[in-house]
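Open the structure in your viewer and keep the sequence panel beside it.

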Amino acid sequence: MMKYMGDYPSKRTRSVNELTDQIFEGALKAEPLKDEIYCQIIKQLTDNHVNYSEEKGWELLWLCTGLFPPSNALLPHIQRFLQSKKHHPLSGDCMQRLHKALRNGSRKYPPHLVEVEAIQHKTTQIFHKVYFPDDTDEAFEVESSTKAKDFCLNISTRLLLKSSEGFSLFVKISDKVISVPEGDFFFDFVRHLTDWIKKSRPAKDGIIPSLTYQVFFMKKLWTSTVPGKDSFADSIFHYYQELPKYLRGYHKCSREEVFHLAALIYRVKFEDDKSHFSSIPKMLRELVPQDLIRQMSTDDWKRSVIAYFNKHPGKSREEAKLMFLKIIYKWATFGSAFFEVKQTTEPNYPEILLIAINKHGVSLIDPKTKDILTTHPFTKISNWSSGNTYFHITIGNLVRGSKLLCETSLGYKMDDLLTSYISQMLTNMNKQRSGRGNRSLGSMCLSPARGWGHPGQVASPSQHRDAQLCTHPLIPEGN
């Protein structure tokens, strides 16, 4: 602490948050040390007439009040100290941060680099650029006490979305993009990722890997998504997240639907501008599912797309997006996350399977015909697990149930989606059954083993997340 404040000179050059880590890590692990940290900071600020040292002490107090509150016994003394220092620019902000820490609870990790740099540059507001599927972005303020759920609500309010339900934050750091559990403090999650990257990728030739990150906001769970219900959500998220999955050829659709959808995609790109008709043969991969392109000549595709385009003269981009969504909404695979896996347990199914996870459950699809072989609703799934190279799922009774063993490098993502959908389902069921007192599936919850458990066995977000932090990138597109 004295080194940070300059009272104990050190010749060695240190990273921005090296000393703040040393100051706060112990207190975050041992409850009694939290009061000790507060006492030591207040002690260093009392009768401190060295301007540089005092300002550095206030920086520490600002960081501390954003991490954890003192005990009930010490709280009145900290509040009186802050009230006695009303003249200081950081006093009021520290008091507000203290109240938020009391309300939201303690953080789990020391301040992130961004927080330390902010206060060292005399900035108490931290803004993050958030990226959206339609290639736009906006800046949002994020506080030390901001949890992912609050962040999502702030974004959805700014974008005039009717609800933040089903949306999630994703953090891209290095070559990883990971979903942020809604109950996590945003900076805790980013710090967790930063530390993990450091451990998994040690510095080479003295060069530390880049730890800058980007924040994405996307629809993750499509349970209540209905095209036309929220025009802003349709325009910014639903269209641009569904389009890549359609073009990859994951859905089963008729040729007429393909013609119609291609014309709508063209209209979204160019609206009523027909000058790009001559380029249609060159842009077929942007208009037609990749596995269907060779079924017709480029000239036939061009004629068909133009014919359907002319059926809807004057339609705007937004109208075309909604028409596109309303067509694919009729398909059972709408709003799915798709995974190509190799399965080794079911002889009646193809070895290479397409698995779709959506609001209906887990569907197994023949990748060639696109026929849905079977759909396992969430209520029939009793257990699941994942690793770097596999995803395993148990259907039915744990004793008599059938297992599906899959080879995949995206098991962590399947695990996360399944956990999130079932958690959402249980939350909704418990709301409906509250007050009835009956012991049913609705009063069950998730256990750390990724299955149904008894109340009190809920896995924490960090437990679920640990399984996801493996060596595979989570691509934000089409999530």
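Select K342, which at 31% relative accessibility counts as partly exposed; buried means under 20% relative accessible area, exposed over 50%, and partly exposed in between, with a 1.4 Å probe and protein chains only. E351 and K342 form a salt bridge, with their closest N and O atoms 3.7 Å apart. The term salt bridge stands for a side-chain nitrogen of Lys or Arg within 4 Å of a carboxyl oxygen of Asp or Glu. Side chains of opposite charge can pair when their charged atoms come close.

The model is predicted: local features need pLDDT of at least 70, side-chain atom pairs count only at pLDDT 80 or more, and totals for chains, interfaces and linings use all residues. Residues are numbered from 1 along each chain as its sequence is written, and side-chain values use heavy atoms, with hydrogens and water left out.

How many salt bridges does the structure hold? There are 19. For another one, select E286 and K269, whose side chains meet at 2.8 Å, N to O. This pair links distant parts of the chain, 17 residues apart: E286 is in the loop between helix 11 (255-270) and helix 12 (298-309), and K269 is in helix 11. Helices (H or I, at least four residues) and strands (E, at least two) are DSSP runs, numbered from the N terminus. E286 is partly exposed at 39%, and K269 is partly exposed at 33%.

Next, select K34 and E31, a salt bridge with 3.3 Å between the closest N and O atoms. Here K34 is buried, with a relative accessible area of 6%, whereas E31 is exposed at 55%.

Move to K370, in the loop between strand 8 (361-365) and strand 9 (372-376). Is K370 buried or exposed? K370 is buried, with a relative accessible area of 11%. Its side chain makes a polar contact with the side chain of D291 at 2.5 Å. A polar contact is a pair of N or O atoms within 3.5 Å; within protein, one must be able to donate a hydrogen and the other to accept it, and residues adjacent in sequence count only if both atoms are side-chain atoms. A polar atom of the K370 side chain also lies 3.0 Å from the backbone oxygen of G249.

Now select W222 and F334, an edge-to-face aromatic pair with 5.7 Å centre to centre and 85° between the planes. Rings of Phe, Tyr and Trp (its six-membered ring) pair if their centres lie within 6.5 Å; planes under 30 degrees apart count as stacked, over 60 as edge-to-face and the rest as tilted. W222 lies in the loop between strand 5 (213-219) and helix 10 (231-247), and F334 in the loop between helix 13 (317-329) and strand 6 (337-343), so the pair ties together parts that are 112 residues apart in sequence. W222 is buried at 2%, and F334 is buried at 5%. The whole structure has 27 aromatic pairs.

Finish with strand 1 (residues 127-131) and strand 2 (residues 137-141), which run antiparallel and are joined by five bridges. Strands pair if DSSP finds at least two bridges between them. Select V130 to find its bridge partner in strand 2, E138. The two strands form a hairpin with five residues between them, and D135 in the turn has a positive phi of about 70°.
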